[in-house]
Amino acid sequence: RSKPWLRRRPFAPFTRQVPAAAMKVICALALLLASPAAAAGVKNAVKVTPLQKVLQLMDEMSVKGKKEKHEEEVEFVEFSQWCDSTRKATTKSIDEAKSQIEQLTADIAKAEADAERLAVEISELDAAVAQAEGELGEATAVREKEHTD
């Protein structure tokens with residue numbers, strides 16, 4: 001079953017007017033039924049007057065209009081529900097994405113701060129290692145001098 005909101009006809013959920021073309025058809029039928037030849041054929045067959053036939057056609061059209069109105073109301077309700085659920089899902093998705101963006105931005109800022117702090121610690125440790133290697137070299141030189149003496 002196709003979705004009602006994809007149809008290409010204008011949507012009038014609570015009003016239903018008889019189109020001008022339909023009124024012309026009804027008038028033509030009324031005139032045809034009112035003609036003497038048609039009246040003779042109808043009188044011989046069922047004895048339905050032209051006025052009764054027009055009233056019958058009007059009743060049928062009224063029933064058909066009410067049925068179509070009900071169908072359009074049902075389709076409109078389905079469309080409204082679809083719109084509401086889509087709106088809710090989209091809003092929820094946007095809110096989740098915003099909170100995730102905030103969290104990730106905070107994580108990036110923390111990681112950058114940690115990287116800067118660790119870079120400073122690395123440079124301090126490199127300096128300490130260089131100093132320790134220098135002191136080790138001096139101590140080794142002193143021991144070798146003492147050992148040779």
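D114 and R117 both belong to helix α3, where they stand three residues apart, about one turn of the helix.

The side chains of D114 and R117 form a salt bridge, with the closest N and O atoms 3.9 Å apart. Since the cut-off for a salt bridge is 4 Å, the 3.9 Å between D114 and R117 falls within it. D114 also meets K110 in a salt bridge, at 3.1 Å from N to O. K110 and D114 are both in helix α3 and lie four residues apart, again about one turn of the helix. R117, for its part, meets the side chain of E121 in a salt bridge of 3.0 Å, N to O. R117 and E121 are four residues apart in helix α3, so about one helical turn separates them. Through shared partners, these salt bridges join K110, D114, R117 and E121 into one network. A search of the whole structure finds four salt bridges.

How accessible are the members of this network? K110 counts as exposed, at 52% relative accessibility. D114 is partly exposed, with a relative accessible area of 24%. R117 is also partly exposed, at 43%, and E121 is partly exposed at 33%.

Helix α3 has 99 residues and reaches 141 Å from its first C-alpha to its last, close to the 147 Å expected at 1.5 Å a residue. Within α3, V54, L57, G65, E72 and E75 are buried.

The structure contains one aromatic pair, formed by F79 and W82, whose rings are stacked at 6.1 Å centre to centre with 25° between the planes. The pair counts as stacked because planes under 30 degrees apart are given that name. F79 and W82 lie three residues apart in helix α3, about one turn of the helix. Both are partly exposed: F79 has a relative accessible area of 28%, and W82 has one of 41%.

The mean pLDDT of the protein is 84, and 76% of its residues reach 70 or more. Confidence is highest in helix α3 (residues 50-148), at a mean of 95, and lowest in helix α2 (residues 36-45), at 55. Where pLDDT is low, the predicted coordinates should not be read in detail.

How values were computed:
Residues numbered from 1 in each chain as written. Predicted model: local features only at pLDDT ≥ 70, side-chain atom pairs only at ≥ 80, totals over all residues. Heavy atoms only, no water. pLDDT = per-residue confidence, 0-100. Helix = DSSP H or I, 4+ residues; strand = E, 2+ residues; numbered from the N terminus. Expected span 1.5 Å × (residues − 1). Buried < 20%, exposed > 50% of the residue type's maximum accessible area, 1.4 Å probe, protein only. Phe/Tyr/Trp six-rings, centres within 6.5 Å; stacked < 30°, edge-to-face > 60°.
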